[in-house]
Amino acid sequence: MNKYSDYTNEISSSEIYDRLIGCGMFAEKIPDFISSSEFLNYTKTLTLPITNVKDKDYVRYSSMRNINVPRQMAIPEPFAYCNLCNCISTNWNKIQKHFEFETRNQEYKVSRIHLRKMDNNCSLFEMNYKNYFKDGSPEQDIVIKSKYVVSADISNFFPSIYSHSIAWALKGKSVSKRLRNSSLWFNNLDFYSRNLKYGETNGLLIGPHASNLISEIILAKVDKVLIDKGYKYVRYIDDFTCYVESYEKAEQFLIDLSEELKKYELKLNDKKSDITPLPQASVKGWVNKINNFTFINTYDFNGQESLRTKELKSFLDFVIQLFLDEQKDSSVLNYAIKIIAKKHIGRNAKSYFIKQIHHLVLLYPYLIHLLDEFVFTPHKISKDSIKLIAEDVYSYGIKKRFFESNSYALFWALKYDFKIDSISTNLVLDSEKSEDSIFLLLAYLFDKKQGVNLVKYRKIARNLKPDFDRYWLFIYEVLSWTELSNEYRAMKKNSNVSFIKSSYR
C-alpha cells in the first residue's frame, strides 16, 4: 500500500502550483460555471510574488450542509491566492520533506483524505475520495485486538487554525518564535495565508485546496506524536477514529489528542467525542439494508437494469422510512439517489421519480448539489421538469434567504436553456439584496442571455467597489477594464481573462 509521502512526492513543484490554482481555487459546492484555468495561464506572465497584494478580503459563499445548516465557504482574492500557491510551489521540496519525516513512523497511511493525483481529475483534492487499491483498509487490521473505538473531531477546524501554527508545525514553536520577524520560507507561508483573510491570524478559508494542504502540515505533526505513543487510528480531515484495548486507553487517547491539539491552538469538539464498545458493523446498518434491497420484476434496457414505477416506488418508500429511522441522516438519501442514477427508469417511473425529487429537495435543500450529476443528466430529465424544480427552488431561496438555491436555479436555467418567467421582473432586485457574489453573477449572466439591458448590474458593481475584494468576481466580470484598477485592470485590458466558462458567457 502507498505511504503518505508516496502521494506528495509524486507531485512536482510545477504541478502543485498549476493544480492548486487551475483546479483548486473554487469550492466543489459552487455551481459549475466558473473556472480559474485562464487565470492560471495569466499568472505565468507575471513576476511572482506580486508585492503590492496585501491583507485581502474574500468572497463569502454559503453552502447547505447535510444537517440543513449553511456552512460559510470562501472564494479567495485571486492574486493573493496566487502568491500563496507560488510560496507553496517554491518551497514544495521542503514541504514534501516535512510530510516524509512526520509520517515515517506510520505502518499505514493514517490520513485518509489529502492532496493527491487522481485519475481523470486535474484537482488534487476531493472530499470522500477513496482508492482501496492504493490505500488499503487499515481498520480491518487494527481493530483485531481492540475492544473500544474512540470517535473525535476538532471543533470548528478550519476557522480555528492559527496561522502562526503553520511555522510551529514546520520548525517548532521555540524556533519559530525566535525567528518570527525573519523572511524565512515558513514565515512566508504564514504571511501569504494571512493575506487571504485580511491579514488575520485566525482561520483558513474553507474551499480553496491550499487550505487543505496547510491543515495537513499541522495535523501530520499531531499524528506523529500520537503514533509514537502507540495509538492506532485513522483520520478523515479532522475526524479521528481510534481503536484501543481498554476503556481507560480510550479516555487517555482523548486526553493526549486534546493536549497535542492545544499546542496548535486547536481543541476537541466535546459534543462529538464518543467511546463505543466493539464489535461494530464494518459499514452502517442502513448501507447494508439499501444494498440488500431486492428489486423485483426489473427488465433489461440496453444492458442496464431498468425499474418500473412499482419497483421504484417501493425502493423510495423503503429509503424514506430508513432515512426517518436514522434521524434524517442525509447520507441515506444521497446514497439512494446515486444508486438510482446507475439504473434506467422508464417514462412513467421517471415522472414519479422527478416529482419525488422535486418534493425532497424543497424539504432538504442540501440535496441540490446532487441533482445535476445524479438526476438530471443520467435520467435525461426534460427541460420542463427541471424548470418546475428551478422555479420552486428559486422561491425557496428568496423566502429563506438561502441564496445557494437561487444560484443553482439560475445555473440550471443557463445550462439547460430555459427562461424562468416568474423571477424575471424581480431578478436584479433579488440579487442586489442578497449581497451574494455568485447569485449576482448568475443573475447577470441569465439576464444577459435573455437580452435584458445590463445597466443596472453595472450600477450595482460600481456601488460595491468600496468592498471590492468581497465582490471581486462579480465586479470584475461585469465592468469594463476602464473601470477597474491595479492587477484587475491590467489583466482584463491585456489578456481579457474571464473566470466564467466559455459556454456560460
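## Basis of the model

Local features of this predicted model require pLDDT of at least 70 and side-chain atom pairs pLDDT 80 or more, whereas totals for chains, interfaces and linings use all residues. Residues are numbered from 1 along each chain as its sequence is written, and side-chain values use heavy atoms, with hydrogens and water left out.

## Overall form

The protein contains 26 helices and nine strands (DSSP runs numbered from the N terminus, with H or I over at least four residues for helices and E over at least two for strands). Its radius of gyration is 24 Å, close to the 23 Å given by the globule rule for 505 residues, so the protein is as compact as a globular protein of that length. The radius is taken over C-alpha atoms, and the rule is 2.2 Å times the number of residues to the power 0.38. The C-alpha trace spans about 65 × 65 × 40 Å along the principal axes.

Of contacts between residues at least 6 apart in sequence, 72% join residues at least 24 apart; a contact means heavy atoms within 4.5 Å.

## Surface and charge

Buried residues account for 53% of the 505 residues (buried is under 20% relative accessible area, exposed over 50%, partly exposed in between, with a 1.4 Å probe and protein chains only). The protein exposes about 23800 Å², of which carbon and sulfur atoms supply 47%; the areas come from the Shrake-Rupley method with a 1.4 Å probe.

There are 72 positive and 60 negative charges, and their mean positions are 3 Å apart. Lys and Arg count as positive and Asp and Glu as negative, while His and the chain ends are not counted; each charge is placed at NZ of Lys, CZ of Arg, CG of Asp or CD of Glu.

## Aromatic pairs

Rings of Phe, Tyr and Trp (its six-membered ring) pair if their centres lie within 6.5 Å; planes under 30 degrees apart are stacked, over 60 edge-to-face and the rest tilted. The ring centres of Tyr148 and Tyr247 are 5.6 Å apart and the planes stand at 80°, so this pair is edge-to-face. It links distant parts of the chain, with Tyr148 in strand E3 (residues 148-153) and Tyr247 in helix H13 (residues 247-262), 99 residues apart. Tyr148 is partly exposed at 23% relative accessible area, and Tyr247 is partly exposed at 37%.

For Phe295 and Phe315, the centres are 5.0 Å apart and the planes are at 50°, so the pair is tilted. Phe295 belongs to the loop between helix H14 (285-291) and strand E7 (299-301), and Phe315 to helix H15 (residues 309-325), 20 residues apart. Phe295 is buried with a relative accessible area of 16%, and Phe315 is buried with 1%. Elsewhere, Phe26, Phe39, Phe79, Phe468, Trp472, Tyr476, Tyr488 and Phe499 form one aromatic cluster.

## Backbone exceptions

Most residues other than glycine have a negative phi, and most peptide bonds are trans. The bond from Leu48 to Pro49 is cis, with omega near 0°; Pro49 is in the loop between helix H3 (37-43) and strand E1 (59-64). Leu278 and Pro279 are also joined by a cis peptide bond, with omega about 10°, and Pro279 lies in the loop between strand E6 (274-277) and H14.

Asn297, which is not a glycine, has a positive phi of about 65° and is placed in the loop between H14 and E7. Asn496 has a positive phi near 50°. Asn496 lies in the segment after helix H26 (486-494) and is exposed, with a relative accessible area of 52%.
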